[in-house]
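Okay, thanks everyone, I'll keep this short. Let me put the structure up, and then we'll walk through the pockets and the ligand.

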Amino acid sequence: MSIYSSERLQDFKSYVPGEQPRDRHYIKLNTNESPFPPSPAVIAAAEQEAANCNLYPDPTSYELRRAAAEVFGVPTECILPVNGSDEILNFAFMAFCDMRHPVAFPDITYGVYPILAKLHGIPFREVPVREDFSVNYQDYLGLSHTIVLANPNAPTGLVLSAEEIEAIVSSNKNNVVIVDEAYVSFGGRSVIPLTEKYDNLLVTRTFSKSHSMAGARLGFGIGSQKLIEDMNLVKYATNAYNVNRMTAAMGTAALRENESAVRNCSVIAEVRDRTAHRLRELGFWLTDSKANFLFARTDQIDGIALYEALRARGILVRHFSKPAISGFNRITVGTAEQMEKFLAATAAILNQREVTK
Ligand SMILES: *Cc1c(COP(=O)(O)O)cnc(C)c1O
């Protein structure tokens, strides 16, 4: 740390993203990207728009919002496009949390939430999940905190029902409830329709996982016009042109052929369920993930040892050192062929240990 660093960086530990290594070719099952490339129409949209890059993009991303309004079924004023959904989370923490509005989220969830709270000096409460990692919605009724819930949750893939989310939202009328739907396209049920009924509900979406656009950085906040206006104050103060021209064009094109993303997501969901079945046959315990990843452990090998053995075989998965989940690995669901290679490598690693015992 430099001698110039501000108070807020004292002892600040930032988010550590999954590895993007360049030393060799890996089967990448560590950052929940889509294994499918963007469609030709989406790529062409970016190429075309590149020619206009001497001009700033439309700060309101109007065309993109129009296309998104069709797909999400809400008015354009209720949508805020952002530079990846991590940006909308930051906007929401800045707009809706402070000493008077502390924030609450599960103790096992997306690691960015506590980090944003610390960065902004917001008091936060980590609500314990149950022993099976499920979130008990009753813990969030009438909580008088800003609430953040990933649904499906990360890294467990477990879902709350739309009814449970609605109970949380309706019992917290004086605070904002943020539902992070990064993984909803793989098997959860979206609560976007509830944003028309509840002024305090903010839904966040990303095109990183469902729409093959992790590298383009595109996300959305969806909520009442008032919530969107509040977050626009933060957006215009920090980065008025947060969505670049190529990304906006790609997003618009992707939304116009949204069914193809929906199909890709259902292929991934099928491969996920088949892979889960095979892992259980190999003696793993898994959560009932509805996301594009599996969360698995086995008594046969430590989480970190399996991670390292897979890495040595050219397969990257994600291991978290947090004690409650250090026995697990989070395995992104890739193509059927990638998952065959992952399963074969895993079986070989377990076998080898059996022999050397
Ligand atoms: C991946 C992820 C995000 C961030 O997605 P980007 O749009 O790529 O910034 C947000 N929330 C959760 C739970 C995620 O897993």
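So, which helices each supply at least two residues of the lining of the second largest pocket? Before I answer: this is a predicted model, so keep that in mind throughout. The answer is helix 1 (40-50), helix 2 (62-72) and helix 8 (245-256). Helix 8 gives the most, with five residues. That pocket holds about 290 Å³ of space. It has 16 lining residues, and nearest its centre you'll find Glu-49, Glu-63, Arg-245, Ala-248 and Ala-249. By class, the lining splits into eight nonpolar, three polar and five charged.

Now the largest pocket, and that's the space the ligand takes. Here we have about 1,200 Å³. There are 46 lining residues, and Tyr-15, Val-16, Tyr-110, Gly-111 and Arg-318 sit closest to the centre.

Okay, the ligand itself. The residues around it include Gly-84, Ser-85, Asp-86, Tyr-110 and Asp-180. Two helices, helix 3 (85-96) and helix 6 (207-210), each put at least two residues into that shell. The shell has three nonpolar, four polar and four charged residues.

One oxygen atom is 2.6 Å from a side-chain N or O of Thr-206. For Lys-209, the distance from a ligand oxygen to a side-chain N or O is 2.9 Å, and for Arg-217 it's 2.8 Å. On its own the ligand has 390 Å² of accessible area, and the protein covers 92% of that.

Key
Residues are numbered from 1 along each chain as its sequence is written. This is a predicted model: local features need pLDDT of at least 70, side-chain atom pairs count only at pLDDT 80 or more; totals for chains, interfaces and linings use all residues. Side-chain values use heavy atoms; hydrogens and water are left out. A residue is near a molecule or strand if one of its heavy atoms lies within 4 Å of it. A polar contact is a pair of N or O atoms within 3.5 Å; within protein, one must be able to donate a hydrogen and the other to accept it, and residues adjacent in sequence count only if both atoms are side-chain atoms. Accessible areas come from the Shrake-Rupley method with a 1.4 Å probe; for residues, only the protein chains shown count as cover. On a 1 Å grid over the protein atoms alone, a cavity is a set of points where a 1.4 Å probe fits but cannot get out, and a pocket is an open set with protein on both sides within 12 Å along at least five of seven lines; lining residues have an atom within 4 Å of a point. A molecule sits in a cavity or pocket if more than half of its atoms lie within 2 Å of its grid points. Helices (H or I, at least four residues) and strands (E, at least two) are DSSP runs, numbered from the N terminus. Ala, Val, Leu, Ile, Met, Phe, Trp, Tyr, Cys and Pro count as nonpolar, Asp, Glu, Lys and Arg as charged, and the others, Gly among them, as polar. Grid points are joined across faces, edges and corners, and a volume is the space filled by probe spheres set on the points.
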